[in-house]
Amino acid sequence: MNVSPPIYLDNHATTRCDPRVVEAMLPFFGETYGNAASTTHAYGTLARRAVEDARERIAACLTLPAQSVYFTSGATESNNLAIQGYLRRWNRPGHIVATAIEHSSVLEPIEVMRSLGYDVTLLSPEQHDSPLAGRISPEAFLAAVRPDTVFASVGLANNEIGVIQPLRQIAEICRAKGIVLHTDATQAVGKIPLDFSELGADLISFSAHKLYGPKGIGALVVAKRTPPLRLTPMIFGGGHERGLRSGTLNVPGIVGFAAAVELCCHNLQAESDRIALMRDRLFDLLKSGLGEEIALNGPSWERPGLRLPGNLNIRFRRLDGETLLLHLPQLAMSSGSACSSATAKPSHVLLALGLSEPEARASIRIGLGRFNTEQEIPIAAAAIINATHKLVQSNAILG
Ligand code: PMP
């Protein structure tokens, strides 16, 4: 039996590691296996050189000083280090502003800081009936700032509805008010043009596996400031990464991370144009096949600049997203519920847009990426349209 693998449409969850990235990593599992901290011999010095070279290449792509890049195990760790590392060191009463649509690896550490005495404001985004749905306006951000606000966290691009935030304007407010700004840029790096030197954020998290690199490696950027930003480590040990993050460096991962960032940066415009075209075609096909049965979650279709090129988030009028996915084993997509717990909860992002629980559950997220092909688009659209019609009909018969 020749069963073809499902079409992968879940590129916000993770991306396939690019074969060129794998190629770049291979020698560091083999002949160059040294510990980057063992600089008393050639194995270690070669590994160390590869790490520093990778740091410089990543920094160059993102217009950053190399010394501001610290390697971590991924964006979850980077977000924790930014939030807990900064605020535990600050260690004075204060107020935090974040958005209600942050990833759980931002929201959970913020809740930890709340439990330690910090006051927290979680900003609601523009609501689902607005053309700017999901956006945090700089005015709303400014209105939430208080004289005692010390820290803010605003994700650059959302992992569910793809909305891109006006971070530069928010950073200007933070700069003027003396607030340290963290941004979770995990979904944005490699997908939209970014000049970190102009972005204005003080702490920036991102991860290799979202940009066609390996899993288990990420970075936290700690911008150069006067006086310097000081963070308490979350992991103690041998003092790696200039004391901020102990633990033997993942040399193959770091080398792969740099290769992945470079591939994204060198081909960014052409790649994002191609992905956005596929995404637009998919939505057009779905709209013409399903009409009023579907609606778009997130920013309006007339505002393409507000959404990541590969993102589509669709709400069905009469269907549950999970049920639909069960009937579409030939497609790999994600539903509007978080299945990390036994009882799948509706997405907090969709609820924060003002959607009801049933509406959130009636949603699916589609994430297109580098390895999708134009040929897959009509196949995916036809599968979704057929499954929707079938389910709507059988629901009507049942009741
Ligand atoms: N932030 C965002 C916006 C994400 O999409 C993810 C991954 N789902 C993370 C953080 C966590 O990244 P990692 O898997 O590298 O820990």
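I began with Arg318, which forms a salt bridge with Glu293; their closest N and O atoms are 2.4 Å apart. I took a salt bridge to be a side-chain nitrogen of Lys or Arg within 4 Å of a carboxyl oxygen of Asp or Glu. The pair links distant parts of the chain, 25 residues apart. Arg318 sits in the loop between strand S10 (311–316) and helix H10 (321–326), and Glu293 in the loop between helix H9 (268–290) and strand S9 (294–296). Helices (H or I, at least four residues) and strands (E, at least two) are DSSP runs, numbered from the N terminus.

This is a predicted model, in which local features need pLDDT of at least 70 and side-chain atom pairs count only at pLDDT 80 or more, while totals for chains, interfaces and linings use all residues. Residues are numbered from 1 along each chain as its sequence is written, and side-chain values use heavy atoms, with hydrogens and water left out.

Arg318 is partly exposed at 44% relative accessible area, whereas Glu293 is buried at 11%. Buried means under 20% relative accessible area, exposed over 50%, and partly exposed in between (1.4 Å probe, protein chains only).

I also looked up Glu262, which forms a salt bridge with Arg57, the closest N and O atoms being 3.0 Å apart. Glu262 is in helix H8 (residues 251–266) and Arg57 in helix H2 (residues 42–61), 205 residues apart.

Last, I noted Val150 in strand S5 (residues 149–153). Val150 is buried, with a relative accessible area of 10%.
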